[in-house]
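Dear colleague,

My notes on it follow directly after.

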Amino acid sequence: MPQNLDAVAVRAWSRLALDALGRAREVIDAINVYPVADGDTGTNLYLTVESAAQAVDAAFTGHEPALPSLAETVRAMAHGALLGARGNSGTILSQLLRGMAQVIGGAEDDADGRPRVEGEADHADGRVLERALRRAAESAYQAVAHPVEGTVLTVATAAAEAATTAAEGADDCEAVARAAYEGACAALDATPGQLAVLGRAGVVDAGGRGLVAVLGALVGALSGETVTRRGETHTYARAEAPLDTRAEAVECDEPAGETGGPAFEVIYLLEADDAAVTRLRARLDRLGDSLVVVGGDGLWNVHVHVDDAGAAVEAGVEAGRPHRIRITHFGAGDAHTTTQPPRERTQRGIVAVVPGEGLVELYGEAGATTVHARVGEPPASGELVDAIRRAHAREVVLLPNDAELRHTAAAAAEQARTEGVRVALIPTRSAVQGIAALAVHAPDRRFDEDVVAMTSAAGATRYGELAVAERQSWTMAGICQAGDVLGLIDGDVAVIGSEVARTAASVLDRMLSAGGEMVTLVLGDSVPDTVAEHLEKHVRETYLAVDTVVYRGGRQSQLLLIGVE
């Protein structure tokens with residue numbers, strides 16, 4: 001049966017694209033040599049898609065318990081990308097998504113020239129997807145003042161051409177998306193021969209590499225596969241590699257780009273009419289290069305590289321109302337001006353994501369700047385960057401305390417490094433691992449030594465948790481029913497029970513079977529003190545020389561967090 005694109009598939013696409021860019025972010029950053037070798041293309045694409053995915057989630061939340069239409073969903077994705085577009089490649093990607101939304105969302109006529117009526121179809125077939133990809137490539141070319149071959153534009157065009165060929169023989173969205181992905185891969189491999197700077201560096205285009213990841217995610221959303229690309233080849237796989245548990249401690253370096261280009265990158269959102277934007281394009285084109293203006297319907301995202309940042313902003317003021325102005329001096333981080341001298345930074349800070357009010361207080365007492373992860377609302381990378389700024393330190397250790405936040409935290413760390421902060425990301429998967437890391441933190445040590453000690457303490461802490469099953473499901477421990485108490489160890493279900501205290505004791509026994517010196521218990525709001533008392537007694541009577549410490553976590557998604565050091 002042909003696979004079509006609907007609102008649910010678009011939501012899956014946005015999430016898979018974010019995950020794919022998270023995994024590829026460092027690789028894309030490393031091969032970023034054009035138009036400026038500032039090593040941030042992967043991070044910018046991740047932040048752009050993160051904004052798009054959040055907008056899609058908001059569209060679904062706003063329609064609960066019903067679903068949004070396909071048109072509403074693709075428009076939300078494009079609008080979110082427009083608002084959150086970062087850098088040259090992120091801005092172009094937002095226009096690619098806008099072009100697709102214009103076709104899929106019904107803003108353009110169908111293949112027969114008949115105006116499409118919003119809401120008349122809850123899905124799009126392969127022919128619609130092909131036209132959407134073609135419109136995306138065309139609109140991206142139109143948005144760039146001076147298009148260059150061997151870039152993401154070339155990759156987008158190749159994807160559209162491959163989709164057109166596929167659509168001639170089938171109207172299956174999956175087949176069209178797969179053809180577009182494979183066409184994009186082939187075009188990406190050819191970019192070093194099209195753009196001299198890529199050939200000299202021996203790399204493919206970074207923006208094109210990001211688009212390949214996004215198109216691979218579209219194939220995954222339609223087929224259920226996980227599409228991966230390694231090196232200069234691509235394969236289809238169904239399993240994701242485990243998270244690397246090593247700490248990442250990289251200093252912010254000066255970009256290795258060629259000299260002689262403009263000194264500043266200027267980005268802003270602009271409210272203006274079409275005529276004013278046409279005049280603005282001409283003026284900015286005279287001021288600098290890498291000009292990309294995307295958007296429409298009164299809201300635009302403007303990106304340009306210039307030597308006179310003030311003139312670029314002034315041009316925006318004359319055209320309409322610019323806001324969210326971001327000025328980056330290449331090699332010197334953000335250049336937001338201020339009338340007062342900057343406050344002196346402390347030497348070192350800790351930033352941690354914590355799941356409950358009680359842990360916010362505990363981490364705060366230990367000197368950490370916290371980001372509260374509310375139930376069902378994981379923080380975005382922007383919130384983590386803001387927390388790093390609030391820490392106001394030259395060196396920051398970042399503790400995400402959740403395996404699902406690994407890509408978000410990595411993008412935030414990379415962004416903070418561009419602002420001159422030395423950031424080490426310790427991939428803690430649970431708040432109890434973060435507590436163990438904080439316990440050995442010594443700000444008087446050298447930064448690298450402190451990071452190694454904290455990483456070692458976190459890695460030596462096994463983590464468990466108790467949660468309530470929401471529905472019948474297969475698990476590593478067997479079939480669970482809705483309402484069962486699940487005991488998880490290192491992320492996998494190990495025990496299925498009916499009572500919190502007994503299930504927790506069983507989890508503790510399994511965790512302590514390999515040894516341990518300290519047990520940490522973090523109780524959720526709904527767990528009575530008697531459970532902690534029972535577990536403390538159980539550990540005291542069963543395991544000699546093992547201490548237990550208990551904290552109240554407040555409102556959190558887990559009934560109980562368990563750490564064994």
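Which residues of α6 meet which residues of α9? In this predicted model, V152, V155, A156 and A159 in α6 meet G207, G208, L211, V212 and L215 in α9. The residues of this contact comprise 7 nonpolar, 2 polar and no charged. As for the geometry, the axes of α6 (residues 152-167) and α9 (residues 206-223) come within 7 Å and cross at roughly 35 degrees. The crossing of the two helices is right-handed.

T48 counts as buried because its relative accessibility is 0%. Leaving aside residues up to four places away in sequence, T48 touches A81, G84, A85, R86 and G90. With R86 there is also a polar approach: a polar atom of the T48 side chain lies 3.1 Å from the backbone nitrogen of R86.

Finally, there is an open sheet of 6 strands, with mixed pairing and the order β19-β18-β15-β22-β20-β21. The edges are held by β19 (492-497) and β21 (547-554); each has a single partner strand, so one side of each is left without a neighbour in the sheet. On average, and with direction ignored, neighbouring strands are turned by 20 degrees against each other. Strand β20 (residues 518-524) runs parallel to β21 and is joined to it by 7 bridges; V519, for instance, has T548 in β21 as its bridge partner. Helix α18 (residues 529-542) packs on the sheet and touches β20, β21 and β22 (560-564). The direction of α18 makes about 165 degrees with that of β21.

With kind regards

Note on methods
Residues are numbered from 1 along each chain as its sequence is written. This is a predicted model: local features need pLDDT of at least 70, side-chain atom pairs count only at pLDDT 80 or more; totals for chains, interfaces and linings use all residues. Side-chain values use heavy atoms; hydrogens and water are left out. Axes are lines fitted to C-alpha atoms, for helices over the stretch in contact, and angles run from 0 to 180 degrees between N-to-C directions. Helices (H or I, at least four residues) and strands (E, at least two) are DSSP runs, numbered from the N terminus. A crossing is left-handed if the near helix is turned anticlockwise from the far one by less than a right angle, and right-handed if clockwise. Contact means heavy atoms within 4.5 Å. Ala, Val, Leu, Ile, Met, Phe, Trp, Tyr, Cys and Pro count as nonpolar, Asp, Glu, Lys and Arg as charged, and the others, Gly among them, as polar. Buried means under 20% relative accessible area, exposed over 50%, partly exposed in between (1.4 Å probe, protein chains only). A polar contact is a pair of N or O atoms within 3.5 Å; within protein, one must be able to donate a hydrogen and the other to accept it, and residues adjacent in sequence count only if both atoms are side-chain atoms. Two strands pair if DSSP finds at least two bridges between them.
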